[in-house]
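Colleague: I would like to learn how to read a structure, starting with one residue and ending with the overall form. Where do we begin?

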Amino acid sequence: MFNEFFSEELNKAREKNLYRQAQVYDSNLISFSSNDYLGLARRDLSLTASRRGASASRITSGTFNEHIELENFIAQWKGAEAALIFNCGYMANLGTLSVILNSRDIVFADEYVHACILDGIRLSGAKKYFYKHNNTKHLAELIQEHRSKGKKSLIVTESVFSMDGDKAKLPEINEIAQANNASIYIDEAHGTGVLGSHGAGLVEELVEAGKITKDNIVVQMGTLSKAGGLEGGYIAGSKELIEFLKNKSRTFIYSTANPPLQAQIALKHLQEISAGKELRDQLQKNIELFETSLRGERSSTWQSNALINYSNEGTPIFAIHMPSTEAAQAKAKELEEAGYLVVAIRPPTVPNPRLRICINSIHEAGDIERVAGLLRK
Ligand SMILES: Cc1ncc(COP(=O)(O)O)c(C=O)c1O
């Protein structure tokens, strides 16, 4: 019974060219699909943590000094009172949104937020409204119409959108929050390591520029898995928020703690990120080079087949929209044959097929120009 069901569903996906595989790629390919923006995942590191595994949940016997040191560092780096780590970013979002909201509350989320944000909102039971992507006019309309239906009110956005590479219009969102007695939940999975003078993310960048204050931001979420070069997620905010999560968040309470070994490496990586202006400068140079290389003369084939979506805002993610999943896969294959790993992203992960290019600080100029040239062809 079950196997028949699995086969039927998989066949349907195959027919639509949407079959997914967790495949091992040739390690000789130069990856332009990695979220390891600063190249930390590929560093050699000596390992000296007190122990490897935590062997228990954090609230039983699984808390070690490595966890506390990492959390203290995150809190100070994010300019927050406290922080809490989770096994991954997915669990951080799921385990936080599902408990800070309840059925009396109301949430306004960007329509492009990540699956784990959607799942967290769903689990919370809060009333939910989705505004058009990065459209603050639509957000203002929705919130003015529906704000009174909820007790607590939360606006949820990513800081750098994972599949499009554009930045949230946080100053405008902040004004809307202020005017409507709402709070903000920001997922900095892709802003962290990249933006702000210490790589703490978009919030840091905008606070430094005097464009926002943090008064309305109730949760700063981040991951250790993108520029952090490792695995894990975290939440930073008030002491009350963190104590609340320790008591209520099911993905925190009912799961074995992150390995202390991993927490120790994560701390080293975050310290490097915080002090790593050169890495970020190199990343920005690479982003600019890719952008100017893409902007070069486009051939007529390219113009008729695709629309290049520039992030244009200094982020490492470029969404290259393609007319079909077949076209996206064919272009990915062509890049692979030239020695580059660029993965085609298809529905339902995104509304329309694309090649998602991630620029890293360790990319060589020649490779960046070659990939851009192959995309333009
Ligand atoms: C915006 C965003 N939030 C959260 C996550 C989940 O993070 P993790 O991969 O650490 O589980 C991702 C990862 O894809 C993401 O892109």
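Modeller: Keep in mind that this is a predicted model. We begin with His198, which has 19 C-beta neighbours inside 10 Å.

Colleague: Is His198 buried, exposed or partly exposed, and why?

Modeller: The way to read this is to count neighbours; a residue is buried if 20 or more other C-beta atoms lie within 10 Å of its own, and exposed if 12 or fewer do. His198 counts as partly exposed because its number of C-beta neighbours inside 10 Å is 19.

Colleague: Next, the domains. How is the protein divided?

Modeller: There is a domain 1 (65-275) and a domain 2 (277-376). Their C-alpha centres lie 27 Å apart. The contact takes ten residues from domain 1 and 13 residues from domain 2. On the domain 1 side, three of the touching residues are nonpolar, four are polar and three are charged.

Colleague: Which residues have the most contacts inside the largest nonpolar core?

Modeller: They are Ala83, Val107, Ile155, Tyr234 and Ile235, in a core of 97 residues. At least three residues of this core come from each of domain 1 and domain 2. Take Val107 as a case: beyond its neighbours within four places in sequence, its contacts are Leu101, Ile121, Ala126, Lys128, Leu154 and Val156.

Colleague: And the ligand? Which residues come nearest?

Modeller: Of the 13 residues around the ligand, the nearest are Cys88, Gly89, Ser162, Ala189 and Ser225. Helix 3 (residues 89-100) gives the largest share of this shell, three residues. Sorted by class, the shell has four nonpolar, seven polar and two charged residues.

Colleague: Last, the overall form. What does the radius of gyration tell us?

Modeller: The idea is to compare it with the value for a compact globule. With 377 residues, such a globule would have a radius of gyration near 21 Å, and the protein has 21 Å, so the two agree. The C-alpha trace spans about 60 × 55 × 55 Å along its principal axes.

Technical notes: Residues numbered from 1 in each chain as written. Predicted model: local features only at pLDDT ≥ 70, side-chain atom pairs only at ≥ 80, totals over all residues. Near = placed C-beta within 6 Å. Helix = DSSP H or I, 4+ residues; strand = E, 2+ residues; numbered from the N terminus. Nonpolar A, V, L, I, M, F, W, Y, C, P; charged D, E, K, R; others polar. Domains from an automatic or database assignment. Contact = placed C-beta atoms within 7 Å. Core = buried A, V, L, I, M, F, W, Y, C linked by C-beta atoms within 7 Å. Rg over C-alpha atoms; globule rule 2.2 N^0.38 Å.
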